[in-house]
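Keep the sequence and the model side by side while reading. The walk goes from a metal site to the backbone and then to helix packing.

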Amino acid sequence: MYFDTHCHLDFPVFDAQIDQWLKKLQLEQVSHICVPSVGPSNWQRVMQLGKRYPDQVYCALGIHPCFLPVQSDSIAQLTNLVQTHRHVLSAIGEIGLDGRFNNDNQQEHIFAEQLTLAKTVELPVLVHCVKRHHRLMPMLKQAALNKAGVIHAFTGDYKTASSYIDMGFKLGVGASFMWPSARPLRDVLSKLPLQALVFETDAPDMPLPGHKKGDATPLDVINVAKNFASLRKESTKMVIDSIYESSCMIFRRDA
Ligand SMILES: [Zn+2]
């Protein structure tokens with residue numbers, strides 16, 4: 001079985017044929033998909049997916065750093081939603097820092113507030129980080145979450161990876177490592193403990209080699225898993241089973 005720990009299944013490209021997608025995924029043994037939100041604009045849609053397909057879709061609510069600014073009461077709204085719907089949520093996300101914008105203070109403020117929320121409601125976090133590990137890591141340390149979570153689409157070096165792992169985080173492994181130019185990332189991933197990794201597609205955004213951005217689908221998780229097993233030179237079944245199990249542990253909803 002496969003668990004796609006990060007997929008934007010609520011985006012129109014999938015949402016228009018959501019029943020067919022979920023049937024197909026089930027048939028191909030992609031039994032679980034974690035769907036993060038990006039902000040107030042899709043909170044309801046993501047939650048509806050989670051409620052409609054509770055066995056397959058695990059959902060997360062949060063404000064993504066690339067989707068700022070948000071209205072000043074958005075954190076209050078998010079807190080309210082999360083507290084009311086805690087039983088259908090698997091994480092707070094996706095949240096984090098992205099160095100490609102010029103609003104570091106605003107991003108850090110929103111991120112810190114969401115870490116506090118995650119701690120209060122005892123949920124793990126789905127973290128997006130681009131060029132800001134040096135700022136993000138101390139914030140995560142300070143937050144001292146009860147349940148860590150996933151550093152999604154991880155592309156950093158071995159030292160950064162190990163620091164997150166020491167803090168209890170899992171690292172999200174997607175199609176990026178399969179691109180010919182991604183040798184440094186392959187070197188890092190081949191050395192990390194298997195228990196610290198989970199698979200993801202970030203569909204529709206993280207294409208397989210030779211494909212365009214926007215072409216990714218949650219079915220790609222199968223390809224990612226098989227390629228990753230051969231990179232590690234380990235048994236495909238062992239890698240797939242073990243990563244599936246740790247993914248289930250992170251997102252398990254309390255009954
Ligand atoms: Zn994402």
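This is a predicted model: local features need pLDDT of at least 70, side-chain atom pairs count only at pLDDT 80 or more; totals for chains, interfaces and linings use all residues.

Residues are numbered from 1 along each chain as its sequence is written, and side-chain values use heavy atoms, with hydrogens and water left out. Helices (H or I, at least four residues) and strands (E, at least two) are DSSP runs, numbered from the N terminus.

Start at the zinc ion. Its ligands are H6 (NE2), H8 (NE2), E94 (OE) and D202 (OD), at 2.2 to 2.6 Å. Donors here are N, O and S atoms within 2.8 Å of the metal (3.2 Å for Na, K and Ca); water is not among the atoms, so sites may look incomplete. Along the chain the donor residues follow the spacing H-x1-H-x85-E-x107-D. E94 and D202 link distant parts of the chain, 108 residues apart. E94 sits in strand β4 (residues 89-98), while D202 is in the loop between β8 (197-199) and α9 (220-232). What is the geometry of the zinc site? It is irregular, with angles of 80 to 169° among the 4 donor atoms. Four donors count as tetrahedral if all angles lie between 85 and 135 degrees; four count as square planar and six as octahedral if opposite donors are over 155 degrees apart and all others between 65 and 115; anything else is irregular.

Now follow the backbone. The peptide bond from G93 to E94 is cis, with omega near 5°. Another cis peptide bond joins L68 and P69, with omega about 0°. P69 belongs to the loop between β3 (57-61) and α4 (74-84). Q29 is not a glycine, yet its phi is positive, about 70°. Q29 lies in the loop between α2 (18-27) and β2 (30-36).

Turn to the helices. Two packed helices are described by the angle between their axes and the distance between the axes. Axes are lines fitted to C-alpha atoms, for helices over the stretch in contact, and angles run from 0 to 180 degrees between N-to-C directions.

Take helix α5 (residues 104-121) and helix α6 (residues 133-143). Their axes come within 10 Å and cross at roughly 30°. α5 and α6 are therefore roughly parallel to each other. Angles under 35 degrees count as roughly parallel, over 145 as roughly antiparallel, 65 to 115 as roughly perpendicular and the rest as oblique. The contact (heavy atoms within 4.5 Å) is made by E108, F111, A112, L115 and K119 of α5 and R135, L136, M139, L140 and A143 of α6. These residues divide into 7 nonpolar, no polar and 3 charged. Ala, Val, Leu, Ile, Met, Phe, Trp, Tyr, Cys and Pro count as nonpolar, Asp, Glu, Lys and Arg as charged, and the others, Gly among them, as polar.

Helix α3 (residues 43-52) and α4 pack at about 15°, with axes 12 Å apart. α3 and α4 are therefore roughly parallel to each other. W43, Q44 and M47 of α3 meet S74, Q77, L78 and L81 of α4. This contact has 4 nonpolar, 3 polar and no charged residues.

Finish with helix α8 (residues 183-191) and α9. Their axes come within 9 Å and cross at roughly 75°. α8 and α9 are therefore roughly perpendicular to each other. R186, L189, S190 and K191 of α8 contact F228, L231 and R232 of α9. By class, that gives 3 nonpolar, 1 polar and 3 charged residues.
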